[in-house]
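This report describes two ligand sites and the contacts between chains. Please keep the sequence and the structure in view while reading.

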Amino acid sequence: EPTLEVLHYWTSGGESLAINVFADALNNAGGKWVDQPVAGGGGDAMNTVLRTRVIAGDPPGMTILKGPVVTEWANAGALADLENVAAAEKWDDILPPLLSDIVKVDGKYAAVPLDVHRVDWMWVNPEVLASVDGAVPTTWDEFNTLADKLLEAGITPLAHGGQPWQDATMFEVVALGLGGPDFFREALVDVNPDALRSDTMIAVFDQMRRMRGYVDDNFSGRDWNLATTMVMNGDAAMQIMGDWAKGEFLAANKTPGEDFICAPAPNKGGYILNSNSFAFFDDPNASDDAVAGRELMASLLLSEEAQIEFTLNKGSVPARLGVSREPYDICGVRSMDDIEATLASGTLVPSMAHEMATSSANRGAFLEIITEHFNSDMSSQEAVELLVEAIELAQ
Amino acid sequence: MATLRISDIRKKLGGNDILNGINVDLEDGDFLVLLGPSGCGKSTLLNMIAGLETIDSGEVRIGDRVVNNVHPRDRDIAMVFQSYALYPSMTVAKNITFGLQRRGASKAEQAAALDHVAGLLQIKPLLNRRPAQLSGGQRQRVAMGRALVRDPKLFLFDEPLSNLDAKLRGEMRTEIKRLHQRLGSTIVYVTHDQVEAMTLASHVAVMKNGAIQQYGEPQQIYERPANMFVAGFIGAPAMNFVPCVLTQNESGQYCATITQPDDLRTKIELVLPTGNTDLSARLGTDLILGIRPEGITRAPSGADDTGSFDLVVDVVEPTGADTMVVFNLGSKEVTARLSPKDVVPAGQSMRFQFKMNEVSLFDPDTTNRIEMGE
Amino acid sequence: MATLRISDIRKKLGGNDILNGINVDLEDGDFLVLLGPSGCGKSTLLNMIAGLETIDSGEVRIGDRVVNNVHPRDRDIAMVFQSYALYPSMTVAKNITFGLQRRGASKAEQAAALDHVAGLLQIKPLLNRRPAQLSGGQRQRVAMGRALVRDPKLFLFDEPLSNLDAKLRGEMRTEIKRLHQRLGSTIVYVTHDQVEAMTLASHVAVMKNGAIQQYGEPQQIYERPANMFVAGFIGAPAMNFVPCVLTQNESGQYCATITQPDDLRTKIELVLPTGNTDLSARLGTDLILGIRPEGITRAPSGADDTGSFDLVVDVVEPTGADTMVVFNLGSKEVTARLSPKDVVPAGQSMRFQFKMNEVSLFDPDTTNRIEMGE
Amino acid sequence: MSQTKESGESPDRSKGGQGNFVFWLQTRISQFVVAPSFLAILVVVYGFILWTGYISLSDSRMLPSYNFAGLEQYDRLWSMSRWYTALNNMLVFGGLYIFISLLIGITLAILLDQRIRMEGALRTIFLYPMALSFIVTGTAWKWILNPGLGVQQFVRDLGFETFTFDWIADRDMVVYTLVIAAVWQASGFVMALFLAALRGVDQDIIKAAYLDGASLPRIYTTIIIPSIKPVFLSAVVILSHLAIKSFDLVVAMTAGGPGVASDLPATFMFAMSFQRNQLGVGAASAMMMLATVMAIMVPYFYSQLRGERHA
Amino acid sequence: MLDTSALPGRRSIGQIIGRITIYAMLLIFATYYLMPLFVMLSTSLRPLAEIKSGSIIALPREITFDAWVKAWGQACIGTKCDGLSPHFWLTLKVVVPSVIVSTVLGMINGYALTKWRFKGANLVFGLMLFGCFVPYQAILLPMAQTLGTLGISNTPLGLGLVFTLYGIPFTTLFFRNYYVSIPDDLIKAATIDGAGFFATLWYIIVPLSPPIIVVTVIWQFTGMWNDFLFGAAFSSGAGQPVIVALNNLVNTTTGVKEYNVDFAASIIAAIPTVFVYVVAGKYFIRGLTAGSVKG
Ligand SMILES: Nc1ncnc2c1ncn2[C@@H]1O[C@H](COP(=O)(O)OP(=O)(O)OP(=O)(O)O)[C@@H](O)[C@H]1O
Ligand SMILES: Nc1ncnc2c1ncn2[C@@H]1O[C@H](COP(=O)(O)OP(=O)(O)OP(=O)(O)O)[C@@H](O)[C@H]1O
Ligand SMILES: [Mg+2]
Ligand SMILES: [Mg+2]
């Protein structure tokens, strides 16, 4: 019986339902899904376990890995070869090139992308907006004007949770908005020191400082979903958060477009992509069942059916192209449209905050400085210098 | 220095009567020893005098003042505890002066008092040590110092010597005796060691179950114990009790007749020093004859004195100065304290003699002493 | 029952010599008491006999067998500890039979042995209690029972009575004495109480710093102590040591002359019973005169005997049977043990007399006894 | 701690005169039974520490690597400002945590020692936090301290509109919120230690102090508390150990935030080793932590065991 | 403490105020200690909507046990929706034997190190003791490697082994400090009675040990039950202990949070340890008094 042990951190609510889609798919296809969830810290806890298990010589069959981490593991020789399945399932044809690039190492598939999350969403409460006669901003200037107006009206403009990854999410959205995709790539993906030191970067930090003023005082440590609830309840006007926030609205029986608005955060064209992928670990001692389970699972991951069901639960959109848009709401459709558009224009960028863009050491350095800056009265100049220094240390 | 009057003190603790009506009357300079077995309420009584325990009913008066509701601090007393209760974290000097300091004495006064007491007790070299660095005897001395330094009206001692070994106990006993002679203070002293009681006391109160059994001067208690409990408690080895029957001999003298448990049921007839006392009502009844070990001597063999008889020696215990000889009389073991020269080996027979003017007679039912006149 | 031979046993612990060459030779039925101050190595020696402590050099032989390398279990000994070391979680009966059970005795054997011992020690009513529910004396008895039940060749006692109060100690002492008389077992008994040693022993070994100071029969040790340590250790109150100078009087008799610390520097001249001994080499040298408290009596006042003198009584301590009287002689405190009738109150003067045939003489440098012939 | 004589020693272990195996075994048995535990500890404590020590000298990043790299990782460690923050927090947190826990612990013990009604119930209330994991209570504390949800909001709802208690959101104050929660967890245990010690104080000493005229507070401050000094030492040791290990607490309450303002060495090390793929730096920081622990514990053990020998 | 209220001459206003102060202080402290419990309890009994509006320091307006039911038996953890219950029982199965084994080993070590001393016993003890103070994060990776080599990585057995090993220093410390105060004479008596090492332990020492066993068991049980780090690192899926499962339930990255279920689950996970403290707290203090205080 093909068996697959899956280490993951999608443990509750919609995430749990989502991963169950694959579990069911595997089980229905005659395999056996062995679940090993480790929640916490957006995968940090799971990473610890992954590390100990690999070191113990007992790696899990499949696990969630994202972005450059896939490369790191592949370079460490820990991942299984997926070329057979990739060829059989024609992954090259059905996956958008940027996604397949991210999961390919030396031209071979090291992991399978599952979905696409859009990070640079802005969630808006239309009633609150109407109360100040505001419109959804499309530039950061507009954003600032609107926010100031809201502040005057005694409304918290921006709902935000003070956790490093949330701060970083906001940061990268601002970076894309102010700097555009090329700057984003240079600064956040390639961590080019010149880009990091540039005036644009200073402007980004300046904007972050403004944003700090638009956030209420109790943001520190707040979970993102509580921030979403603030928007939902009209306690705040907007939130910048990835598309998973939609799940929170839906769970409260709110309708997109009516009770809440999903709009891309102000930018000059672009799309920050966060994609989950599954990587398969190579275990020299693996049983035949385990090998069979691996291959069976890999072949099921990108089926249209599973993709749709998974992304609906997860709040994301499918990784593969050419999926029917019918089951998706307007936010989902907008996201799918924008992927295609940005793919065409080459303005699709990977998320730094969500570990798509750069190594974990670099990301850690970013998060550290961004959070420090956001939570203190550090000047933008200072922040930039610290950032360059931290990035150097992380090499 | 002061008088102490305790009138009809009672105390219940946890539902039990611990003290039932204690009366004590001490003059200035008296040395009262409270003597009794463990749990008889000695410490409780002492604590009530000190104010560390409330008084259910009755009155404690120190000097002219009823102190029932006076805080211990204000009673002007000092107490020495069995465990010494030295403050472990303070030096000896600090231990001694702590009470003075608390009472607001100046540094100079403290130093002077400390110097005086340390000289008196010869503990000057120890003043900077901590209690943990002292031997048992030294601790005892410091505890005494702590009491002495305040020059209180009344000293209370709760078994101050019982944690010392025999040798040290003897020495410290002498020292306390000498201190009392020198200072003339009024002292209440708790012990269950009868030698201490005999040695130190001007008055002894023998207690049992929260009541005083006999109150008097030590020699009186030793020679004329009020009942068998007191008689047995005082003296080591303890007084011998031999069952006997009261008879009259031909010359009309009252005799204690002891029946030996041998086949012949030999009778030993001892003439009692009854003086003029009329004991006729008790003729023929069972009594208990009490004789202390040192009241038995060796009679010249063949002497035909009344009160002497031959018996087989059961056990011989030489202790150095004296030798204890155990023999069976009236189915009881009787211990005699003899000079080593007078002793025959165990198993042999010798002639014993009772000093009849030292015997006591007890009623077996009430256990009380039967007076035989002087 | 067995003999015990200990030959030149030595022991080092933690770098210190604890025992340096101990020799002991016991016959069947002997009762050896090891006597000495705390820390002198008594327990260590006993533990080595028991096999609870290794032997650095020398030999222990029980009966015919060298037991140096025999496990304690197989030495056929029994031991009674100072703390009794009763197993707190077992009943009295279980405590007593535990050793039998460990040796694989059948239930019936155990029951029979238990019954016998419990009868012997009169502890039948206690068999189902636990140690915590026993009084000190009862515990002591159970500890004895545990030793007796196995009927071993050799009994070892480590201060078995020192946790008891004075009264009980006396009773249990008699009981042990009687048991020994009845069973005739070989016993090694550790104590630092000299009365126990005198009372129980057939042989006493007085120890100090890991060496035997004197080995002999109790009376011999009491009367002719080998040195001042032994003399001071045995007897309570302890022997009095008075510094004196050896002189000769007109009749050529050797005298101990004591100088009083008064203004007149009065001299007291005591004639020594030197027999034929030639002490001329020591004439004029400082010596120590040793006299036991019971060696001092009251002289008829005005008697002009040699060896009697008038002195002021310092402290009087009645203990019941005797009264201790303390006075100053040659700037030393001297205690006399007198009959209560002979005593005068403190502060008055009385005439004392030394029993000169009981005095000992010591060399102040070596502290050894100076023999004076018979 | 009383006797340390070697007298409980297995008998006759010197010569083994009977020479047979069983006898030999009997005399060595105590070494034999301790050996498995001891060897296991040698491996899983000391062996693993050595391993970590080696890793700290290697160029390990994501997975352990055994390439020797000298002190490079230590260099790196000591040039990270975050490490300084962590150390600084450790000092502030550790100092306050130990001090306040002792203070509250002993206060509670003294209060409970006053013949209090319901002592049992109160004792349980003070002690139960020790039974809880911060994984369990972390969120509760996070909420209680959250200005918008917890105490601040509560007091404002009561009508004190300007009341502010937002330490958890304040970079400079956040470390004190850790202290609040950590003290909450450990002070009950300290209370138990002290209560046990107070119960062992000789009552006669207290009586003597009364007779000497001392008031109750003075009796505690000058007599009882000094006499239970050894317990202070034990409590400090246990608390230092808890402070050094206070990992769950930070993770559950602040995750090191705001920013990295509440990072402690333990979280720093964890982040470096398992999140930032800087295993070498993590190992170096672990070695620094161990050095700290050693610095505190070794003198303590030494004095304890020595003290025993000379007792 | 001496009953100060029974001293004469002190029945003053001051004394009454003193008593009131004492009780007031105790009350304040009790509030501080109970607050998190109160928050957890009240939140677990409130419907989700109520929680998201307003302060959490408030009594529930509407009480519902749904969250408890869900947390125990229905909440989804990963792909399994059986709530905490399976993990709860599993943890008991891992923790109880680990507590027993580490306690027994600690007992034997403590006994050997105090009553059958050998040369270097103190050193051995000191070295073992240091194991109490190792930051566990530092030994995760080598331990993982070791467990892998032994072939018990990710098994309850492996986890139990880790618990047991790192429990030994503590248990040894507790027992040693307790046994030091048991008189050596007992061992000597037993030796002469013919009892060897284990017979003495079993017949003489064990019956004397209940106070310290209580302390040790409480300490070990709560430590192991509340462990997160080892549980997360050395167990998998259905084999995860309850605290790890709780963390999985409570911690989600992008999912919807149900705070009432989270807190109900937290309380459920804490019940056994709190129960142990409440039931055995008295003996805990007694056991501390009996010896382990000396740390
Ligand atoms: N708080 C209390 N509650 C109930 N009974 C008590 C209390 N304190 C003491 N007792 C009892 O009061 C009696 C007398 O105790 P006390 O301490 O006065 O005896 P004691 O004569 O000093 O004995 P010892 O010689 O052993 O010191 C004892 O039986 C004791 O059990
Ligand atoms: N393990 C040890 N290491 C070093 N010295 C020791 C050891 N055990 C005992 N000693 C020392 O050996 C000496 C003799 O001890 P032992 O117990 O035999 O004395 P004792 O005569 O029985 O004393 P006591 O009357 O107090 O019982 C003491 O000075 C003691 O300090
Ligand atoms: Mg008493
Ligand atoms: Mg001894």
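## The site of ligand 1

A polar side-chain atom of E159(B) is placed 3.0 Å from an oxygen atom of ligand 1. Such a pair is a polar contact, defined as N or O atoms within 3.5 Å; within protein, one atom must be able to donate a hydrogen and the other to accept it, and residues adjacent in sequence count only if both atoms are side-chain atoms. The protein covers 58% of the 640 Å² of accessible area that ligand 1 has on its own; such areas come from the Shrake-Rupley method with a 1.4 Å probe, and for residues only the protein chains shown count as cover. K42(B) also reaches ligand 1, with a polar side-chain atom 2.9 Å from an oxygen atom of the ligand. G41(B) uses its backbone instead: an N or O atom there lies 3.0 Å from an oxygen atom of ligand 1.

The residues around ligand 1 (those with a heavy atom within 4 Å of it) include L13(B), I18(B), S38(B) and H192(B). By class, this shell has three nonpolar, seven polar and two charged residues. Here Ala, Val, Leu, Ile, Met, Phe, Trp, Tyr, Cys and Pro count as nonpolar, Asp, Glu, Lys and Arg as charged, and the others, Gly among them, as polar. Helix 1 (residues 42–50) of chain B gives the most to the shell, with three residues; helices are DSSP runs (H or I, at least four residues) numbered from the N terminus.

## Basis of the model

This is a predicted model, in which local features need pLDDT of at least 70 and side-chain atom pairs count only at pLDDT 80 or more, while totals for chains, interfaces and linings use all residues. Residues are numbered from 1 along each chain as its sequence is written, chains are lettered from A and ligands numbered from 1 in the order in which they are written, and side-chain values use heavy atoms, with hydrogens and water left out.

## The site of ligand 2

Residues from chains C and D surround ligand 2, so this site is shared between chains. Of the 15 residues around the ligand, S38(C), G39(C), K42(C), S43(C) and T44(C) come nearest. The shell divides into four nonpolar, seven polar and four charged residues, and helix 1 (residues 42–50) of chain C gives the most to it, with three residues.

An N or O atom in the side chain of S38(C) is 2.4 Å from an oxygen atom of ligand 2.

## Contacts between chains

Among the eight pairs of chains that touch, chains D and E have the most contacts, a contact being heavy atoms within 4.5 Å. Chain D supplies 103 residues and chain E supplies 97 residues. By contrast, no contact joins chain A and chain B, whose closest C-alpha atoms lie 49 Å apart.

Chains D and E bury about 9,500 Å² between them, 74% of it on carbon and sulfur atoms; buried area is the accessible area (1.4 Å probe) that two parts lose on being put together, summed over both. On the side of chain D that touches chain E, helix 1 (residues 21–56) of chain D provides the largest share, 16 residues. That side has 67 nonpolar, 24 polar and twelve charged residues.

Technical notes
Helix = DSSP H or I, 4+ residues; strand = E, 2+ residues; numbered from the N terminus.
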